[in-house]
Amino acid sequence: MADYNLEKLFDDLLKKKKFDKENSYTSILLKNKNLLAKKIGEESIEVVLEYLDNNKNKIIKESADLLYHLCVIWVSADIKPGDVWNELHRRKGVSGLEEKKRRLS
(Lines give C-alpha, C1' and ligand atoms only; values in the text may rest on other atoms or scores of the structure.)
Protein backbone atom coordinates (compact mmCIF):
# COMPACT_ATOMS: atom_id res chain seq x y z
CA MET A 1 0.00 0.00 0.00
CA ALA A 2 2.96 2.33 0.54
CA ASP A 3 3.36 2.60 -3.22
CA TYR A 4 -0.08 4.20 -3.62
CA ASN A 5 0.31 7.92 -4.28
CA LEU A 6 -1.53 10.93 -5.67
CA GLU A 7 -0.63 10.09 -9.26
CA LYS A 8 -2.12 6.61 -8.89
CA LEU A 9 -5.21 8.00 -7.20
CA PHE A 10 -5.52 10.54 -10.01
CA ASP A 11 -5.21 7.79 -12.64
CA ASP A 12 -7.88 5.72 -10.85
CA LEU A 13 -10.20 8.73 -10.86
CA LEU A 14 -9.59 9.39 -14.56
CA LYS A 15 -10.89 5.89 -15.26
CA LYS A 16 -13.99 6.54 -13.16
CA LYS A 17 -14.77 9.65 -15.18
CA LYS A 18 -16.35 7.41 -17.79
CA PHE A 19 -18.52 5.49 -15.31
CA ASP A 20 -22.26 5.86 -15.04
CA LYS A 21 -23.10 8.37 -12.35
CA GLU A 22 -25.47 5.88 -10.72
CA ASN A 23 -22.54 3.54 -10.06
CA SER A 24 -19.80 6.02 -9.23
CA TYR A 25 -19.60 8.74 -6.58
CA THR A 26 -16.66 10.19 -8.50
CA SER A 27 -18.78 10.45 -11.64
CA ILE A 28 -21.54 12.22 -9.68
CA LEU A 29 -19.00 14.75 -8.37
CA LEU A 30 -17.56 15.31 -11.85
CA LYS A 31 -21.01 16.15 -13.17
CA ASN A 32 -21.86 18.55 -10.33
CA LYS A 33 -19.33 21.36 -9.77
CA ASN A 34 -21.34 22.86 -6.93
CA LEU A 35 -21.40 19.58 -5.01
CA LEU A 36 -17.68 19.04 -5.60
CA ALA A 37 -16.85 22.56 -4.43
CA LYS A 38 -19.01 22.06 -1.33
CA LYS A 39 -17.26 18.76 -0.53
CA ILE A 40 -13.81 20.37 -0.80
CA GLY A 41 -14.91 23.04 1.66
CA GLU A 42 -16.35 20.49 4.06
CA GLU A 43 -13.32 18.21 3.95
CA SER A 44 -10.92 21.14 4.42
CA ILE A 45 -12.79 22.28 7.51
CA GLU A 46 -12.89 18.75 8.90
CA VAL A 47 -9.09 18.42 8.54
CA VAL A 48 -8.61 21.72 10.37
CA LEU A 49 -11.02 20.78 13.17
CA GLU A 50 -9.33 17.41 13.74
CA TYR A 51 -5.94 19.14 13.72
CA LEU A 52 -7.14 21.58 16.38
CA ASP A 53 -8.42 18.61 18.42
CA ASN A 54 -5.01 16.90 18.05
CA ASN A 55 -6.73 13.78 16.72
CA LYS A 56 -4.06 12.19 14.54
CA ASN A 57 -6.19 9.23 13.42
CA LYS A 58 -9.04 11.47 12.29
CA ILE A 59 -6.61 13.90 10.62
CA ILE A 60 -5.39 10.98 8.52
CA LYS A 61 -8.92 9.94 7.55
CA GLU A 62 -10.09 13.46 6.77
CA SER A 63 -6.87 14.15 4.84
CA ALA A 64 -7.58 11.11 2.69
CA ASP A 65 -11.06 12.52 1.98
CA LEU A 66 -9.60 15.93 1.16
CA LEU A 67 -6.95 14.52 -1.18
CA TYR A 68 -9.57 12.40 -2.95
CA HIS A 69 -11.82 15.42 -3.54
CA LEU A 70 -8.84 17.57 -4.59
CA CYS A 71 -7.88 14.99 -7.19
CA VAL A 72 -11.47 14.92 -8.45
CA ILE A 73 -11.25 18.70 -8.92
CA TRP A 74 -8.00 18.22 -10.86
CA VAL A 75 -9.72 15.69 -13.12
CA SER A 76 -12.64 18.05 -13.60
CA ALA A 77 -10.38 21.02 -14.41
CA ASP A 78 -8.04 18.98 -16.65
CA ILE A 79 -5.10 19.53 -14.31
CA LYS A 80 -2.53 16.78 -13.92
CA PRO A 81 -0.60 16.17 -10.69
CA GLY A 82 2.56 17.05 -12.64
CA ASP A 83 1.16 20.53 -13.25
CA VAL A 84 0.96 21.07 -9.49
CA TRP A 85 4.39 19.52 -8.88
CA ASN A 86 5.85 21.85 -11.53
CA GLU A 87 4.36 24.86 -9.76
CA LEU A 88 5.77 23.71 -6.42
CA HIS A 89 9.15 23.17 -8.06
CA ARG A 90 8.99 26.68 -9.56
CA ARG A 91 8.50 28.05 -6.06
CA LYS A 92 11.37 26.02 -4.59
CA GLY A 93 13.99 28.26 -3.06
CA VAL A 94 11.63 31.24 -2.96
CA SER A 95 10.56 32.47 0.42
CA GLY A 96 6.89 31.78 1.06
CA LEU A 97 6.55 35.36 2.23
CA GLU A 98 8.17 36.64 -0.97
CA GLU A 99 5.90 34.43 -3.10
CA LYS A 100 2.82 35.87 -1.43
CA LYS A 101 4.07 39.42 -2.05
CA ARG A 102 4.53 38.61 -5.75
CA ARG A 103 0.97 37.28 -6.04
CA LEU A 104 -0.47 40.39 -4.41
CA SER A 105 1.26 42.80 -6.78
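This report covers the core, the surface, the charged pairs and the loops of one predicted model.

## Core

Start inside. The largest nonpolar core has 12 residues. They are Leu6, Leu9, Phe10, Leu13, Leu29, Leu30, Leu36, Tyr68, Cys71, Val72, Trp74 and Val75. The elements that give two or more residues to this core are α1 (6-16), α2 (25-30) and α4 (56-76). Of the elements, α4 gives the most, with 5 residues.

Leu30 is one of the core residues. Set aside its neighbours within four places in sequence. Leu30 is then in contact with Lys17, Val72, Val75 and Ser76. Val72 and Val75 belong to the core as well.

Is Glu62 buried or exposed? Glu62 is buried, yet it has no salt bridge. The nearest side chain of opposite charge is that of Lys58, 7.3 Å away. A salt bridge needs a side-chain nitrogen of Lys or Arg within 4 Å of a carboxyl oxygen of Asp or Glu.

What is in contact with Glu62, leaving aside its neighbours within four places in sequence? The contacts are Glu43, Glu46, Val47 and Glu50. Of these, Glu43 also takes part in a salt-bridge network that includes Lys38, Lys39 and Glu42.

## Nonpolar surface

A nonpolar surface patch is made by Ile45, Val48, Leu49, Tyr51 and Leu52. The area of this patch is about 540 Å². Leu49 is found in helix α3, which covers residues 33-52. How accessible is Leu49? Leu49 has a relative accessible area of 46% and is partly exposed. Leu49 counts as partly exposed because its 46% falls between the 20% and 50% limits of that class.

## Salt bridges

How many salt bridges does the model hold? The count comes to 7 salt bridges. The table gives some of them.

| Pair | N to O distance |
|---|---|
| Lys38 and Glu42 | 3.9 Å |
| Asp78 and Lys80 | 3.7 Å |
| Arg90 and Glu87 | 2.6 Å |

Take the pair in α3 first. Lys38 and Glu42 both lie in helix α3. They are 4 residues apart, about one turn of the helix. Lys38 is exposed, at 52% relative accessibility. Glu42 is partly exposed, with a relative accessible area of 27%.

Next comes the pair in α5. Helix α5 covers residues 81-91. Arg90 and Glu87 are separated by about one helical turn because they are 3 residues apart in that helix. Arg90 is partly exposed, with a relative accessible area of 45%. Glu87 is partly exposed too, at 28% relative accessibility. Elsewhere, salt bridges that share partners join Lys38, Lys39, Glu42 and Glu43 into one network.

The remaining pair in the table is Asp78 with Lys80. Asp78 is exposed, with a relative accessible area of 61%. Lys80 is partly exposed, with a value of 46%.

## Loops

Where does Asp78 lie? Asp78 is in the loop between α4 and α5. Its phi is near 55°, a positive value in a residue other than glycine. Asp78 therefore joins an exposed position, at 61% relative accessible area, with a positive phi and a salt bridge to Lys80.

Asn54 also has a positive phi, of about 55°, although Asn54 is not a glycine. Asn54 lies in the loop between α3 and α4. With a relative accessible area of 68%, Asn54 is exposed.

Glu22 lies in the loop between α1 and α2. Is Glu22 buried or exposed? Glu22 counts as exposed, at 69% relative accessibility.

Key
Residues numbered from 1 in each chain as written. Predicted model: local features only at pLDDT ≥ 70, side-chain atom pairs only at ≥ 80, totals over all residues. Heavy atoms only, no water. Core = buried A, V, L, I, M, F, W, Y, C linked by side-chain atoms within 4.5 Å. Buried < 20%, exposed > 50% of the residue type's maximum accessible area, 1.4 Å probe, protein only. Contact = heavy atoms within 4.5 Å. Patch = residues over 30% accessible without salt bridge, like charges linked within 9 Å, V, L, I, M, F, W, Y side chains within 5 Å. Areas by Shrake-Rupley, 256 points an atom, 1.4 Å probe, with all protein chains shown as cover. Lys, Arg positive; Asp, Glu negative; His and termini not counted.
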